[in-house]
Amino acid sequence: MSNYWEKLQDPRWQKKRLEVMKEKDFCCELCGTNKITLNVHHKEYFKGNEPWEYDNKQLVVLCKHCHENLHETLDLYKWVGSFARLDGPNNRQELALMLCGYI
């Protein structure tokens with residue numbers, strides 16, 4: 001089993017990230033820059049999915065600075081969801097309802 005860094009070197013991820021960057025005109029979706037290194041960030045993670053197995057709408061293009069800032073803030077749903085058996089984007093709402101005691 002390869003680690004996450006090795007998976008990001010996989011040609012399938014490289015193809016996916018270029019596809020997403022092209023869709024977003026090679027600009028950061030938060031600050032709009034195209035002058036510094038760009039990253040493709042997963043908005044959510046689903047247990048068992050490989051980095052390249054996400055829909056493009058589940059990925060966001062961020063410059064290095066915005067990406068670092070985003071990782072400095074804790075997204076509780078994303079963190080808890082990474083331990084749950086989520087199988088799609090609608091599970092984020094279900095997880096929130098569960099945590100609030102509605103289901």
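**Close-up views of charged side chains in a predicted model**

**View 1. Arg 12 forms a salt bridge with Asp 10.** The closest N and O atoms of this pair are 2.8 Å apart. Asp 10 counts as buried, at 17% relative accessibility. The model is predicted, and the structure holds 3 salt bridges; the other views include Glu 50 with Lys 7 and Glu 29 with Lys 24.

**View 2. A salt bridge joins Glu 50 and Lys 7.** The closest N and O atoms lie 3.0 Å apart. Glu 50 belongs to the loop between strand 1 and strand 2, and Lys 7 to helix 1 (residues 4-8), so the pair ties together parts that are 43 residues apart in sequence. Glu 50 is partly exposed, its relative accessible area being 22%. Lys 7 has a relative accessible area of 17% and is buried, because the cut-off for burial is under 20%.

**View 3. Glu 29 and Lys 24 form a salt bridge.** Here the closest N and O atoms are 3.9 Å apart; the pair counts as a salt bridge because the cut-off is within 4 Å. Both partners are partly exposed: Glu 29 has a relative accessible area of 35%, and Lys 24 one of 33%.

**View 4. Lys 16 is buried and has no salt bridge.** Lys 16 is located in helix 2 (residues 11-23). The nearest side chain of opposite charge is that of Glu 19, at 4.1 Å. A salt bridge requires a nitrogen-oxygen distance within 4 Å. Leaving aside residues up to four places away in sequence, Lys 16 touches Trp 52, Tyr 54, Asp 55, Asn 56 and Leu 59.

**View 5. Lys 57 sits in the loop between strand 1 (38-42) and strand 2 (59-63).** Lys 57 is exposed, with 60% relative accessible area. From Lys 57 to Lys 43 the C-alpha to C-alpha distance is 8.8 Å, and the two residues are 14 apart in sequence.

**View 6. The whole chain, for orientation, has 5 helices and 2 strands.** From the N terminus on, the order of elements is α-α-β-β-α-α-α. Of the 103 residues in the chain, 33% are buried. Among contacts between residues at least 6 apart in sequence, 57% join residues at least 24 apart. The accessible surface of the chain is about 7300 Å², and carbon and sulfur atoms account for 54% of this surface.

Conventions:
Residues numbered from 1 in each chain as written. Predicted model: local features only at pLDDT ≥ 70, side-chain atom pairs only at ≥ 80, totals over all residues. Heavy atoms only, no water. Helix = DSSP H or I, 4+ residues; strand = E, 2+ residues; numbered from the N terminus. Buried < 20%, exposed > 50% of the residue type's maximum accessible area, 1.4 Å probe, protein only. Contact = heavy atoms within 4.5 Å. Areas by Shrake-Rupley, 256 points an atom, 1.4 Å probe, with all protein chains shown as cover. Lys, Arg positive; Asp, Glu negative; His and termini not counted.
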